[in-house]
Amino acid sequence: MSHPDRFSAIDHAHMAHALQLAARGLFTTTPNPRVGCVVVQDGRVVGEGWHQRAGTPHAEIHALKAAGEAARGATVYVTLEPCSHHGRTPPCAEALIQAGVARVVAAMRDPNPLVAGGGITMLTLAGIQAEIGLMEAETRALNPGFISRMTRQRPWVRLKTASSLDGKTALSNGQSQWITGEAARADVQQLRARACAILTGSGTVLADNPRMNVRDLDIGRQPLRVIVDSRLHTPVDAAILPALIACHHAAPAARAALEQAGAEVIELPGVDGRVDLLALLTLLAQRSVNELHVEAGAALNGALLAAGLIDEWIAYIAPMAVGDSARGLFAQPPLTTLANAARFRLTDVRQIGEDLRLTLLPK
């Protein structure tokens, strides 16, 4: 084990390189984490790799293969503790031992209970100098969903909203296309592409008939589409189908019609005739959903906010005002004191085209 400040500037540079490699798997590694690896011999990079898709070799295997014999006695930088268990692929810790590397620096422990320190232990017992904790914050930021699923048994919930400067998402007549500009909408496609699943409510489905898919990016997959629809109002010809529909109670005829149209209907009864949102998140985690991207109306947004289930909020704000009769972001009972307001902290602010993009985390 090593304290982060014991790492050299050279260590930092190589781990930063490994993180850049890991980010190449942003859209494709689900349900696995995004991992990068660099093999360094005598100050020179002799092999590098990243995990590209579940079921294919891990980052370390790609990097060791590229390094060949030069891996013997080398230092390996990897953004996640090497695995020590047999999954779809053999353990990377064993491959590192067989390659004869001298030192392994990992950014963070694997939160997967099947690994959780086992990889580092295996390396140490084989006489390899194993250190952990270099650029851990950056690695966590790259894999919030995987970490959430492993430690909390639910996905990382990323809410996306698009509103006017006065916090409105649509006119009172429902018109919402388009509040934000083309650049912001293209940016949203990147958010959808990194998600394992996209969640919306039946109100949005009925009002906008969205497809909720990834467009203009060839990622080789489409995220699972999920609808919260308490009373099964989703039309059988909805553009979003096939999708997973969570309802409170499914009338047999409505259920049969939607299943015929390609939907999977599950009953998750909560209070007041609503869907149990925490149960839905638990179910999605069991189905290996790491990051859940939410694009919904005020009702579902408000329910997620009230339940404390929003992990990150990406707010796109257009420089326009549409008036107080237009539709808001969150349906909530009136507050009697500001002390009860949901509070967030800004972690990033940038201009996307003519719009602002705010990244916020709950306080």
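## Surface and Overall Form

The accessible surface of the protein comes to about 16800 Å², and carbon and sulfur atoms hold 53% of it; such areas come from the Shrake-Rupley method with a 1.4 Å probe, and for residues only the protein chains shown count as cover. This is a predicted model, in which local features need pLDDT of at least 70 and side-chain atom pairs count only at pLDDT 80 or more, while totals for chains, interfaces and linings use all residues. Residues are numbered from 1 along each chain as its sequence is written, and side-chain values use heavy atoms, with hydrogens and water left out.

The protein has 11 helices and 16 strands, which are DSSP runs numbered from the N terminus (helices: H or I, at least four residues; strands: E, at least two). The C-alpha trace spans about 70 × 45 × 40 Å along its principal axes. Of the 363 residues, 52% are buried, where buried means under 20% relative accessible area, exposed over 50%, and partly exposed in between (1.4 Å probe, protein chains only). Among contacts with a separation of 6 or more, 69% join residues 24 or more positions apart; a contact means heavy atoms within 4.5 Å.

## Helix H6 and Glycine 145

Helix H6 covers residues 144-152 and includes glycine 145. Seven of its nine residues are buried, so H6 is largely enclosed by the rest of the structure. The buried residues of H6 pack against H5, S6, H7, helix H10 (277-286) and strand S12 (291-294). Just after H6, glutamine 153 takes a positive phi of about 60°.

Glycine 145 has a relative accessible area of 0% and is therefore buried. Beyond its neighbours within four places in sequence, glycine 145 is in contact with Trp156, Asn290 and Glu291. The C-alpha atoms of glycine 145 and glutamate 291 are 4.6 Å apart, although 146 residues separate them in sequence.

One cavity of 30 Å³ or more is found in a search of the whole structure. On a 1 Å grid over the protein atoms alone, a cavity is a set of points where a 1.4 Å probe fits but cannot get out, and a pocket is an open set with protein on both sides within 12 Å along at least five of seven lines; lining residues have an atom within 4 Å of a point. The largest cavity has a volume of about 60 Å³, and its lining includes Gly145, Asn290 and Glu291.

The second largest pocket holds about 700 Å³ of space, a volume being the space filled by probe spheres set on grid points joined across faces, edges and corners. Its lining has 25 residues, of which Ala141, Arg158, Arg194, Glu312 and Thr359 are the closest to its centre. H6 gives the largest share of this lining, five residues.

## Glutamate 48

Glutamate 48 lies in strand S2 (residues 44-50). With a relative accessible area of 33%, glutamate 48 is partly exposed. Leaving aside neighbours within four places in sequence, the contacts of glutamate 48 include His17, Cys37 and His62. The C-alpha atoms of glutamate 48 and glutamate 295 are separated by 37 Å.
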